[in-house]
Amino acid sequence: MGVDEDTSSAILPDSELGTSAPSLRFSKTCLKNVFSVILLFIYLLLMAVAVFLVYQTISDFREKLKHPVMSVSYKEVSLYDAPGIAFYPGKARLLSCKHHYYDHILPLINPGQPGDIECTTQRINYTDPFTNQTMKYALVVQGPRDVKKKELVFLQFHLNGTDQDFSAIDYLLFSSFQEFVNSPEKAEFMKDCESSYSSWKFSGGFRTWVKMSLVKTKEEDGRETVEFKQETSVVNYIDRRTKLRSDQLFFVVFEWKDPFIQTVQDIITANPWNTIALLCGIFLALFKAADFAKLSVKWMIKIRKRHLKRRSQVMNHIS
């Protein structure tokens, strides 16, 4: 009996070892598999996010190329290139033209009478660019330059009666009087100016004060266009001449508004180098995630094979 008891007590631990150890290994393997599946899903999610970021980055880059942003910058100058002022007086006559400084305009001594013409002027005849039939007469005057001294040009015109209900003189501004002087074809130059620039009017019986500002626009093809913006204020002229007259007097003042030239250009905010760097980082993360997912799958298959091998060994041992 003692020998039988010793034999039974020696066999019992072997049976317990054979049943408990595989179950413990199975639970650990199961946890590892579950953890690996969770990691795999996480990295698949990260891969999906990376693919979405690639698509979004490329879409944003293409959208920015189609819609550039307008950039406005200001450049301060002390002297402007003297603009050209083209008047279309018709039957009106230029009586006086002077350059004044610091907004100081002396009182008129003999209004309506010829005075000093101290401005640089040129007269030009050319055909109307829109009809090519009628002839137009323009009086071109050199505009102000010195913005720090508040240089201004004061002009006086006289019209000896008109059959119209309203009397006004047309004018237009172009960027460079010197360019007009140096042009070999002044008539063609004025036709181009009239086609490119807007025209304005100032009325008789008033003093019209024109404050100009210059805007330069850079086109996509590299060309630069120039236009004027102006603020006008009109002051009534009190005619103190003794006799009642039917003629009209015109007074107009041209001055620079401020010393800043406004430059407008379109800027493409899409930076190709930043986009390429971002895409490289996304693709690198994508490849790393794919590589990790591939290693995780291989590891899971390896663990599965090992588990099946141990299970077969245990079954063979039990049998």
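Q: Which residues do ring pairs link into a cluster?
A: This is a predicted model, and the structure holds 17 aromatic pairs. Ring pairs join up into a cluster of Phe87, Phe157, Tyr171, Trp200, Phe202, Phe250 and Phe254.

Q: How many residues apart are Phe87 and Phe157, and which strands hold them?
A: Phe87 and Phe157 form a tilted aromatic pair, with 5.2 Å centre to centre and 55° between the planes. The pair links distant parts of the chain. Phe87 is in strand 2 (residues 84-88) and Phe157 in strand 6 (residues 152-159), a spacing of 70 residues.

Q: Is Phe87 buried or exposed, and what about Phe157?
A: Buried means under 20% relative accessible area. Both Phe87 and Phe157 are buried.

Q: How many residues apart in sequence are the parts that Tyr171 and Trp200 tie together?
A: Tyr171 and Trp200 form a tilted aromatic pair, 6.0 Å centre to centre with 35° between the planes. Tyr171 lies in strand 7 (residues 168-174) and Trp200 in strand 8 (residues 199-203), so their pair ties together parts of the chain whose separation in sequence is 29 residues.

Q: Is Trp200 buried or partly exposed?
A: The cut-off for buried is under 20% relative accessible area. Tyr171, at 1%, counts as buried. Trp200 has a relative accessible area of 25%, so Trp200 is partly exposed.

Q: Where does the charged end of Lys136 sit?
A: The charged end of Lys136 is 4.6 Å from the centre of a ring. Lys136 places that end over the ring of Tyr88.

Methods:
Residues are numbered from 1 along each chain as its sequence is written. This is a predicted model: local features need pLDDT of at least 70, side-chain atom pairs count only at pLDDT 80 or more; totals for chains, interfaces and linings use all residues. Side-chain values use heavy atoms; hydrogens and water are left out. Rings of Phe, Tyr and Trp (its six-membered ring) pair if their centres lie within 6.5 Å; planes under 30 degrees apart count as stacked, over 60 as edge-to-face and the rest as tilted. Helices (H or I, at least four residues) and strands (E, at least two) are DSSP runs, numbered from the N terminus. Buried means under 20% relative accessible area, exposed over 50%, partly exposed in between (1.4 Å probe, protein chains only). A charge sits over a ring if NZ of Lys or CZ of Arg is within 6 Å of the ring centre and within 35 degrees of the ring normal.
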